There are 2 protein chains.
Amino acid sequence: MTERTAVRVAVDAMGGDHAPSEVVAGAVEAARNDGVIVLLVGDESAVGAELAKHDAAGLPIKTIPSEGVIEEGEPPALALRQKPRASVLVSTGLVKKGQADACVSMGSTGAAMAAAVVLLGVFEGLDRPALGGPILGAAPRTVLLDLGANVDCRPSMLVSFGVIGAAFARSYWGVANPAVGLLSVGGEAGKGNRQVREATALFETSGLNFVGNVEAGGLAAGSVDVAVMDGFAGNIVMKLAEGLGDALSDRVRSQLEGRVSEEIVEQVVQDIYEVSNVAETHGGGPLLGVKGVAIVGHGRAGAGAVRRAIGTASRLVESEFVSSMREDLARARERLGV
Amino acid sequence: MTERTAVRVAVDAMGGDHAPSEVVAGAVEAARNDGVIVLLVGDESAVGAELAKHDAAGLPIKTIPSEGVIEEGEPPALALRQKPRASVLVSTGLVKKGQADACVSMGSTGAAMAAAVVLLGVFEGLDRPALGGPILGAAPRTVLLDLGANVDCRPSMLVSFGVIGAAFARSYWGVANPAVGLLSVGGEAGKGNRQVREATALFETSGLNFVGNVEAGGLAAGSVDVAVMDGFAGNIVMKLAEGLGDALSDRVRSQLEGRVSEEIVEQVVQDIYEVSNVAETHGGGPLLGVKGVAIVGHGRAGAGAVRRAIGTASRLVESEFVSSMREDLARARERLGV
């Protein structure tokens, strides 16, 4: 056994609504408190100016220069060609070159995904990375995937999502044998559309702890460790939860206001937000199925979320998430004969 | 113009968790107050005993004998053959024979649907009836369909759902030119899976007031009059809303209990239920795309919901929902060349 050395995390200092200030602030906190080495990738003068606001001398932080940033909404493939030195590309490139163990960006998800696909690659059997994570606060341990990256899926891709989700649940939470369910319209085997029925047959020979169908109503109850769905269904689940949470917050607030203390109103509304919305406790989620640890966080992330995203990256590196996922995927493909 | 005569509604007195007592009670209320003629279909002695509990003499109620009832969970096709005189079949048969203008059942949805398909038929271009209605209390005017009857849909079926939903919004609420949206993963045209992209091209030539994609987050905001989706997605939307509503009710209740009056707790929890759950204000929804008015209500319906379901039936008959839907569907199919 080799001695464990500190994890090196490349952080895209220029990505996100509050970059570089909040990103640098979060990175400084991580470097100070969490035993990680931070490689801050960005415009040198801008990053230097932000670093100067913190008492960062002596912390394990190194600045790596980049040029430009890919904005939310830019077509990723084109942007990658036009800005070859953009911060997200340089960050991801550090992982490819072995100079960092993981990368983190709060910038454009599309750009981070494109950079990861081009520089790190995705495992065989996948078209592109999956997006996923424990997005329902009501079921904070249930990993849902895919949440929108893969809207048209072959049945075998759903099995790959199950393998990836199980690897995540094992690495990140230490769940020994994660229960994997397939989102469908009824609990009984055979209930579902053609895609689900075909995937069910594959899941049953996949070697996963496949527990059959899970209905959407069971997601909020946390009845499985991993809930698999195609990106079309997953995106609907994620956005409906957010939309309903917003609608309910408004209603509950108007019901309570003036009748109970403002403190209670805020607590209840905050609780609804946490139950229904994308959990931000992890700061960001990994691009799943990528041959490397690449974390994408919320564009609105503040320093705390940035620090937590760096922590998530570090934890996935230490738990050898990628090599575990690689082995599991290879084993499942062998069993399935695909 | 012919003089308007009272609408005749055949009511399956034996279907539902609280049949025949609550069904008969609701039917009596409708006959007494709502200007409808009720044909109560059921076991003569059981229905007679229930009628005797009410002051029903002189009301426009007639009992039609049937034998047996198809229970929730019985395979509908088999049950239809084994129980040819079952209450739901006799009720639906009255519509077919022109002896009733509409039928209502609180029993098995599968049985009601099978009876409607066999006896009334579905319009060309549909495989089976669609389930739908304004299921989100947060958006009480937005008709969602399909909610689970058609889990695998050809793109042209989605257009038919749009036509049907628009006919419903026009007939039932008098919306002149209902805005029809297609549930997808992004607001921009072209965002979506293959099914959505193919359907979008058809919608654009359908003659509907097609407003493009609607995201799941916009459903709760009521941004369209009709939201079209396949039955797989629709069922997920419906069940997730219910599941999240339950989870949120529990959380809000535990946050509030002991801190505010029990009355406020109940009001808030009830409001969450109404916002997130299937709206019961209509008592039941029509089987959509059927060549006749056939309403299916919730199995748990009490007398009030039964009365409202009969009212919904009457309203759809008076607004000539079926003939309007027939014409609209034919026109759309002509435009689409299918």
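**Two chains, two domains: a predicted model**

In chain A, the centres of domain 1 and domain 2, taken over C-alpha atoms, are separated by 27 Å. What we have here is a predicted model, so please hear every value as computed from it. Domain 1 of chain A takes in residues 1-122 + 281-320, and domain 2 takes in residues 135-278.

How many residues does each domain give to the contact between them? Seven come from domain 1 of chain A and seven from domain 2 of chain A. On the domain 1 side of that contact, three residues are nonpolar, two are polar and two are charged.

Now the chain as a whole. Chain A has twelve helices and eleven strands. Its C-alpha atoms fill a box of roughly 60 × 60 × 45 Å along the principal axes. For 338 residues, a compact globule would have a radius of gyration near 20 Å, and chain A agrees, because its value is 20 Å. Of the 338 residues in chain A, 59% are buried. If you take the contacts in chain A with a separation of 6 or more, 72% of them are between residues 24 or more positions apart.

Next, the pair of chains. Chain A can be laid on chain B with an RMSD of 0.1 Å, using a turn of 180 degrees and a shift of 0.0 Å along the axis. The two copies are thus related as by a two-fold rotation axis. The same surface serves both copies, and 100% of the contact residues of chain A recur in chain B.

The contact between the chains takes 42 residues from chain A and 42 residues from chain B. Which elements of chain A give two or more residues to the side that touches chain B? They are α8 (216-219), α9 (231-256) and α10 (262-276). Of these, α9(A) gives the most, with 17 residues. By class, the side of chain A that touches chain B has 24 nonpolar, ten polar and eight charged residues.

Is A:Met229 buried or exposed? A:Met229 has 29 C-beta neighbours inside 10 Å, so it counts as buried; the cut-off for that is 20 or more. Leaving aside residues up to four places away in sequence, A:Met229 touches A:Asp146, A:Leu183 and A:Gly234. A:Asp146 is 83 residues from A:Met229 along the chain, yet their C-alpha atoms are separated by 5.9 Å.

Helix α2 of chain A, residues 44-52, is a case of a helix with two sides. A:Val47, A:Glu50 and A:Leu51 are buried in this helix. They cover an arc of only 100 degrees around the axis, which puts them on the same side of α2(A). A:Ser45 and A:Ala52, on the other side of α2(A), are exposed. What covers the buried residues? The cover for α2(A) includes α1 (21-33), β2 (37-42) and β3 (61-65) of chain A. Note that A:Glu50 is one of the buried residues here, and that Glu is classed as charged.

A few backbone details remain, and two of them are cis peptide bonds in chain B. One runs from B:Ala19 to B:Pro20, with omega near -5 degrees. B:Pro20 is in the loop between β1 (8-12) and α1 (21-33) of chain B. Another cis bond joins B:Leu145 and B:Asp146, where omega is about 0 degrees. Where does B:Asp146 lie? B:Asp146 is in the loop between β6 (143-145) and α6 (155-173) of chain B.

The last item is a phi angle. A:Glu320 is not a glycine, although its phi is positive, at about 55 degrees. A:Glu320 is placed in the loop between α11 (303-318) and α12 (321-336) of chain A. With 13 other C-beta atoms within 10 Å, A:Glu320 is partly exposed. In chain B, phi of B:Glu320 is likewise positive and near 55 degrees. B:Glu320 is found in the loop between α11 (303-318) and α12 (321-336) of chain B. B:Glu320 is partly exposed, with 13 other C-beta atoms within 10 Å.

Notes:
Residues numbered from 1 in each chain as written. Chains lettered and ligands numbered in written order. Predicted model: local features only at pLDDT ≥ 70, side-chain atom pairs only at ≥ 80, totals over all residues. Least-squares fit on C-alpha atoms with pLDDT ≥ 70 in both. Contact = placed C-beta atoms within 7 Å. Helix = DSSP H or I, 4+ residues; strand = E, 2+ residues; numbered from the N terminus. Rg over C-alpha atoms; globule rule 2.2 N^0.38 Å. Buried ≥ 20, exposed ≤ 12 C-beta atoms within 10 Å, placed from the backbone. Domains from an automatic or database assignment. Arc of directions from axis to C-beta.
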